[in-house]
Amino acid sequence: MTADTATDVFETHRPVLLGVAYRMLGRVADAEDVVQDAWLRWSAADRSEVREPRAYLVRVTTRLALDRLRRIKERGEAYVGPWLPEPYVTHFGDTVPDTAERAVLADSVSLAVLVVLESLSPLERAVFVLREAFGFPYAEIAAMLERAESAVRQLGARARKHVDERRPRYDVDPAQRRELTERFLAAATDGDFDGLMALLAPDVRLVGDSGGRAKAPLRVLESADKVGRFVAGVAETGVPDLSVRFLELNGGPAVLVLSGGKPDSVFQLDVVDGLVQAVYIIRNPDKLRSLAA
């Protein structure tokens, strides 16, 4: 395999590798660093011995992500306020034509699921990501992690049970979420409290992630009244030189709010039965850097 061919092979699999690393870490910059390290391993490897480049590259990426995740957890750094993953631009497009597969990928990268994955052990998270998001057989995952297949199956069952018990229910229809997002944005921009209340489920939750670096609730807000009043109050304060942009983030429609052309915040909604069940707001500037372009 020539150097040019090796580069082409790696670039072909880069989206999958980045997807694995991001789901493992919940951080775009860390995921990109892991994929870059995987490239260095790949470029230095004896590729004549590699029969299945995709499996080889996923194995290397998974192990590197595991090492980084363990280091992060060992540091045990305190986070100010609620934590949300760094927003991740997803453009499945024609690369995932199958509707069912697209739904699985979108769900596995959603903010709600990634928050739950944070509570798994690193190995449980690796097995869950490889099995549930990318459909690798247990035998192949066992080889990647150098664990017995029976142990990997147990890890997978434990992770699946944990996620199923804690993941919020939401509708995945992107057209409905986009329509409700547009109506929510219009009501929020106008400070229309009654209009907001008509869109919010009675037990709606608002999760704001600022990391202590910007203004956002330091606790999760619960109930339509509290969420509606908070959003309407933000509209009264206003954002200087406001502009907005719709993006597909973490498998669903989201809004990027800009102030003077620079990212100020991101918000995304979870929808159940035609009502907003959860509002996620990310204002930590460190988590918005990748959206600056």
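This is a predicted model: local features need pLDDT of at least 70, side-chain atom pairs count only at pLDDT 80 or more; totals for chains, interfaces and linings use all residues.
How many aromatic pairs does the structure hold?

1. The structure holds four aromatic pairs, where rings of Phe, Tyr and Trp (its six-membered ring) pair if their centres lie within 6.5 Å, and planes under 30 degrees apart count as stacked, over 60 as edge-to-face and the rest as tilted. One of them is the edge-to-face pair of Phe10 and Trp39, with 5.3 Å centre to centre and 65° between the planes. Phe10 belongs to helix H1 (residues 3-25) and Trp39 to helix H2 (residues 28-44), so this pair ties together parts that are 29 residues apart in sequence. Helices (H or I, at least four residues) and strands (E, at least two) are DSSP runs, numbered from the N terminus.

2. Residues are numbered from 1 along each chain as its sequence is written, and side-chain values use heavy atoms, with hydrogens and water left out.

3. The two partners of the first pair can also be described by their exposure, where buried means under 20% relative accessible area, exposed over 50%, and partly exposed in between (1.4 Å probe, protein chains only). Phe10 counts as buried because its relative accessibility is 0%, whereas Trp39, with a relative accessible area of 22%, is partly exposed. Another aromatic pair, that of Tyr22 and Tyr88, is stacked, with 4.2 Å centre to centre and 20° between the planes. This pair links distant parts of the chain, since Tyr22 is in helix H1 and Tyr88 is in the loop between helix H3 (53-75) and helix H4 (99-108), 66 residues apart. Tyr22 is buried at a relative accessible area of 0%, and Tyr88 is buried at 12%.

4. The helix packing deserves a careful reading. Two packed helices are described by the angle between their axes and the distance between the axes; the axes are lines fitted to C-alpha atoms, for helices over the stretch in contact, and angles run from 0 to 180 degrees between N-to-C directions. H2 and H3 pack at an angle of about 130°, with their axes 9 Å apart, and H2 and H3 are therefore oblique to each other. Here angles under 35 degrees count as roughly parallel, over 145 as roughly antiparallel, 65 to 115 as roughly perpendicular and the rest as oblique. H2 passes H3 in a right-handed crossing, a crossing being left-handed if the near helix is turned anticlockwise from the far one by less than a right angle, and right-handed if clockwise.

5. Where H2 touches H3, the H2 residues Asp30, Asp33, Val34, Asp37, Ala38, Arg41 and Trp42 meet H3 residues that include Pro53, Tyr56, Leu57 and Ile72, contact meaning heavy atoms within 4.5 Å. By class, this contact of H2 with H3 has 10 nonpolar, one polar and five charged residues, where Ala, Val, Leu, Ile, Met, Phe, Trp, Tyr, Cys and Pro count as nonpolar, Asp, Glu, Lys and Arg as charged, and the others, Gly among them, as polar.

6. Helix H3 also packs with H6, at an angle of about 145° and with the axes 10 Å apart, and the crossing of H3 and H6 is right-handed. In this contact Val58, Thr62, Leu66, Leu69, Arg70 and Lys73 of H3 meet Pro122, Leu123, Arg125, Ala126 and Leu130 of H6, and the residues divide into seven nonpolar, one polar and three charged.

7. The axes of helix H6 (residues 122-133) and helix H7 (residues 138-145) come within 10 Å and cross at roughly 140°, which makes H6 oblique to H7. The crossing of H6 and H7 is right-handed. Leu123, Ala126, Val127, Leu130 and Arg131 in H6 meet Tyr138, Ile141, Met144 and Leu145 in H7, and by class this contact has eight nonpolar, no polar and one charged residues.

8. Finally, some single residues. Leu111, in helix H5 (residues 111-117), is buried at a relative accessible area of 5%, and, leaving aside neighbours within four places in sequence, Leu111 is in contact with Pro85, Asn250, Gln268 and Tyr280. Lys262, by contrast, has its place in strand S5 (residues 262-272) and is exposed, with a relative accessible area of 61%.
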